[in-house]
Amino acid sequence: MLTYVVRRIALSIPVIVVASMLVFGFTQATTDPLARLRQSRDAARLIPAERHRLGLDRPLVVQYTSWAKDFVKGDWGESFISRRDVKTEIFDKLGKTIQLIIWGVLFSALVAIAVGVYSAARQYSALDYTFTGLSFVGLSMPVFWFALMSIQFLVFVPKNLFHLNQPILYSVGLHSATDHSLLDYIRHLVLPVLTLSVQLVAGWSRYERSSMLDVMSSDYIRTARAKGVRRSRVLLKHGLRNALIPLTTVMAVDIGGLFGGLIITETIFGWPGMGRLFFDALLSGDTNILLPWLMVTAVFIIGFNLLADVLYGVLDPRIRVS
Amino acid sequence: MAISDRDGLEAARAAATVGSGAQALVAEQTAERYAKSLEVDLGGGPAGPGGRDREPAARSQWQLFWRRFFKHKLAVAAGAVLILLYLLAIFAPQIAPYKLNPNLDAKTLLDARHGPSMKHWFGTDELGRDQLTRVLYAGRISLLVGLCVALVSTLLGTAVGAVAGYFGGWVDQILMRFTDLFLVVPALAVLMMAQKGLAGKPILGHRLSSTNLIILILSFLFWQTIARVVRGVFLSLKEKEFVEAARASGASSFRIITRHMLPNTVGPIAVNTTLVVGLAILTESTLSFLGFGVQPPTVSWGNMLAQSEGAVGTNLAYLVYFPGLAILVTVLAVNFLGDGMRDAFDPQSTH
Amino acid sequence: MTTDARLLPPEGRAPDSSAVLSVRDLHVSFPTDDGMVKAVDGVSYDVFENEVLGIVGESGSGKSVSSLAILGLLPKSAHITGEILYRGQDLLAMREKEKLRLRGSRLAMVFQDALAALNPVFTVGSQIAEAIEIHNPDMSDKDVRQRTIDLLDLVGIPNPSARVDSYPHEFSGGMRQRTMIAMAISNDPDVLIADEPTTALDVTIQAQVLEVIERVQDRTNSAIVLITHDLGVVAGVADRVMVMYAGRPAEIGTVDEIFYETRHPYTLGLMAALPRLDENADGMRLHRIKGQPPSLIFVPPGCPFHPRCEFARLPEPCATAIPEFRGMERPGHKAACHFAEELADKNPDDLRPVVGS
């Protein structure tokens with residue numbers, strides 16, 4: 001088992017290295033740190049000097065290795081715009097994003113598993129069809145539109161309807177200016193978490209339902225019933241345990257993608273996390289932030305993929321042996 | 001058990017970039033089961049002699065597909081809705097009640113800021129522009145993007161997947177590692193950077209419109225889903241005897257791929273192409289909403305929502321409803337259709 | 001009308017009093033998109049204590065479905081009529097709660113392909129323990145574990161106290177099957193149904209598993225129903241045999257009656273399909289029953305076997321009249337053939353073509 005994990009980790013290293021090259025090349029190709037300068041009147045005179053200062057006149061490979069060395073050492077440079085240390089910026093924003101991810105995943109997992117199990121147990125019931133329909137809607141709906149509509153109907157409509165001073169749920173930022181209490185935090189948390197959960201729940205519940213249905217038609221379920229095990233226990237003990245295996249791996253992969261994938265949610269709700277950081281940096285041409293940002297998110301994606309692999313081995317005894 | 005298949009995990013990663021890992025995993029399993037179902041549909045009952053490796057008769061498969069498909073009333077309805085939507089988009093200039101860019105005279109401005117009414121079914125914006133008209137015209141762009149991305153990525157993905165699946169070995173490994181690289185970076189971020197970096201710059205000698213640029217970069221994202229599915233089916237089909245028989249009779253690889261294997265891959269390809277239409281529309285609208293997609297003055301549903309974002313919470317909030325609903329209805333229809341197609345090709349999937 | 005009601009028990013026993021299980025005129029059908037599938041179309045049989053009843057038939061003959069009906073494991077969409085009497089009580093009329101008490105304790109089933117039939121994520125021991133715990137909730141964990149180990153030992157698993165914590169995929173095919181048997185007999189059932197227990201196994205392992213089944217019966221005196229498509233399996237282990245075709249009984253009798261006094265063309269065909277390994281086999285080909293099993297939605301009129309029967313008199317009566325499941329010379333021996341008596345002088349070799357003919 002341990003060798004399996006170690007081997008998978010070792011295999012990830014070259015992936016990260018290749019990814020770093022890819023990311024570096026891509027960033028070079030699509031961004032222009034000199035963009036601002038080109039617009040100024042002294043452009044023709046200032047640009048060569050600036051190019052040299054930034055090291056952009058060196059061959060690409062040299063630029064890459066120099067950057068890579070700095071990156072691994074932890075020197076990620078300064079933001080062009082805010083002049084703040086990039087590393088602290090990113091880790092600070094990462095912390096905020098992780099909050100959203102934790103709440104979102106917890107909520108989504110519970111709902112998705114419950115819905116999936118119910119739908120499999122009561123296949124073709126009215127509620128099953130409803131859940132299926134809703135998950136289709138969830139998968140077909142643009143997330144940003146859901147965010148806007150949720151603001152409209154959960155923030156403004158109740159506020160106007162009940163003539164409140166402040167809305168019940170907030171739609172901007174992490175907390176109010178003066179109130180840093182838990183309740184205030186929750187009121188700010190609800191809408192972004194709801195928004196990010198829509199897609200997760202839609203996909204996961206359908207998958208769990210499908211997984212449960214597959215599992216429940218297995219021979220070992222019939223054996224369990226032949227032993228005299230109650231239907232509910234067969235479902236929850238024999239069925240769910242097996243159906244969760246593929247779901248957890250899918251969840252791990254999806255979670256890995258969330259670290260760089262909350263751009264919409266954070267931008268609309270003004271949540272100061274990784275997604276918002278990226279958006280601002282891209283708009284303002286702050287290339288010093290973009291490259292480390294891409295690397296960090298890539299590492300998370302690779303890391304969670306690795307976790308998915310390992311989880312598989314942990315949860316399914318058949319895999320452990322190999 | 002198909003779900004425990006390790007390769008399915010690879011597919012999960014593929015779609016984790018854009019959709020849910022769950023979607024692609026189910027797509028990959030469909031490909032597997034589809035290849036297996038070809039075995040089941042062949043030959044007679046249990047006593048049928050050697051039916052396993054015979055080449056399936058393409059025509060009877062189609063009949064089977066259509067029969068099963070039409071049993072799914074929801075999918076058929078969804079297909080009808082899609083055809084209707086595309087017709088509305090194609091004939092938008094003829095159907096639209098008003099001009100897309102009306103003269104901003106007193107008459108138009110008088111009608112501005114009105115909610116849905118008999119005169120303006122979807123209301124008007126601050127400049128008095130009829131929203132129904134704008135939604136119709138925007139539909140042309142969004143639906144076009146969806147269709148084009150699906151077609152281009154299917155062509156690309158099928159070619160790569162077929163080669164990887166047929167030749168196997170190191171060709172397969174290299175191609176698959178290459179597609180894997182696409183999974184490692186966050187898709188939306190990369191798309192945004194690509195759009196910003198390429199906008200306005202000539203590609204292969206041409207300056208692309210923002211719409212065409214979006215089609216290009218989205219295709220570059222979606223081809224790998226199709227490539228994986230095609231590769232999966234090809235890997236299964238490669239083991240079948242009819243492929244060996246064809247090879248033994250001297251057919252070239254190209255001929256085998258195109259005449260024998262591809263026709264049997266049509267099912268999963270069709271399903272995934274359909275689903276890509278929906279994903280492409282969603283991604284395009286998201287990018288346009290953020291400002292990194294279709295640029296004004298071209299209207300798309302996404303950039304309509306970008307402009308009306310500020311209307312939330314005001315009495316112009318209705319400006320947000322309709323473009324979003326349009327996206328929802330379209331993609332929903334696409335997904336129902338794709339789901340029905342998947343069922344029709346692979347009736348053994350648990351549903 | 002197909003079958004008649006009563007079957008006489010084997011010689012030497014009191015009629016009916018020791019029939020542990022009585023299936024009476026069982027009909028099971030499933031609605032499908034293409035029509036009603038008549039999986040079981042009028043079957044009756046008894047099973048007695050301490051005997052092995054073999055049920056033989058091809059896939060689709062209804063042999064498995066009738067057993068699942070006994071345990072109440074058919075899907076809710078199934079239409080079931082008839083009676084299944086266990087010690088006088090009709091299982092089909094029972095409530096689920098009562099059936100749960102019987103399932104796994106008085107009535108037990110062993111399935112084929114034990115790799116698929118055992119839960120891959122639980123240890124072998126915990127799965128057997130579950131069977132014990134459900135029906136003996138007051139038993140201590142220590143006693144349950146001990147009993148589990150004893151059961152594994154009984155079925156011949158080597159080193160049972162270590163193996164009890166293994167996972168199903170760590171066992172060989174034969175050991176898995178024996179685990180299933182251990183699980184099924186854990187509560188000393190009165191009726192043990194083994195559904196194709198040897199089908200997925202090598203011939204040598206088959207013999208071991210069958211031996212375990214016999215050993216188990218010595219210990220528990222249970223009635224055993226052994227379902228298989230393989231006449232060879234039945235020959236060694238069964239006391240009586242019922243042959244099914246297209247959801248209906250074709251023939252029933254003791255093993256000797258079935259093998260040496262065959263009275264149904266289908267049974268004869270099955271036996272002719274068995275390869276002969278003795279010296280008289282020189283020059284003989286294997287017999288194949290021509291054609292394929294019929295669709296259970298559109299069952300052929302009259303005798304369901306007539307399209308494939310070597311002896312069919314067409315069109316009357318074989319294609320028009322359903323043959324009665326009636327008694328032959330010996331009590332307890334029945335066959336459903338219009339011309340059963342004419343088979344008295346036939347034996348399987350008559351169906352085997354000789355090379356060069």
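**Strand pairing and chain contacts in a predicted model**

Strand S6 (residues 107–110) of chain C and strand S7(C) pair in the parallel sense over four bridges; strands pair if DSSP finds at least two bridges between them, and helices (H or I, at least four residues) and strands (E, at least two) are DSSP runs numbered from the N terminus. This is a predicted model, in which local features need pLDDT of at least 70 and side-chain atom pairs count only at pLDDT 80 or more, while totals for chains, interfaces and linings use all residues. Residues are numbered from 1 along each chain as its sequence is written, and chains are lettered from A and ligands numbered from 1 in the order in which they are written.

Q: Which residue in S7(C) stands opposite C:Met109?
A: S6(C) and S7(C) are joined in the parallel sense by four bridges. Opposite C:Met109 stands C:Ile193.

Q: Which residue in S8(C) is the bridge partner of C:Ala194?
A: S7(C) also runs parallel to strand S8 (residues 223–228) of chain C, with five bridges between them. The partner of C:Ala194 in S8(C) is C:Leu226.

Q: How many residues of S7(C) are buried?
A: A residue is buried if 20 or more other C-beta atoms, placed from the backbone, lie within 10 Å of its own. C:Val191, C:Ile193 and C:Asp195 point one way and C:Leu192 and C:Ala194 the other, and all are buried. For strand S7 (residues 191–195), the count is therefore five of five.

Q: Why does A:Tyr207 count as buried?
A: A:Tyr207 is found in helix H8 (residues 182–216) of chain A. The residue counts as buried because its C-beta neighbours inside 10 Å number 27.

Q: Which element gives the most to the side of chain B that touches chain A?
A: Residues are in contact if their C-beta atoms, placed from the backbone, lie within 7 Å. In these terms, 44 residues of chain B are in contact with 52 residues of chain A. Elements giving two or more residues to this side of chain B include helix H1 (6–16), helix H13 (266–290) and helix H15 (318–345). With eight residues, the most comes from H15(B).

Q: Which element gives the most to the side of chain C that touches chain A?
A: Here 22 residues of chain C are in contact with 17 residues of chain A. The elements that give two or more residues to this side of chain C are helix H3 (114–117) and helix H4 (124–135). The most, four residues, comes from H4(C).

Notes: Two residues are in contact if their C-beta atoms, placed from the backbone, lie within 7 Å. A residue is buried if 20 or more other C-beta atoms lie within 10 Å of its own, exposed if 12 or fewer, and partly exposed in between; C-beta atoms are placed from the backbone.
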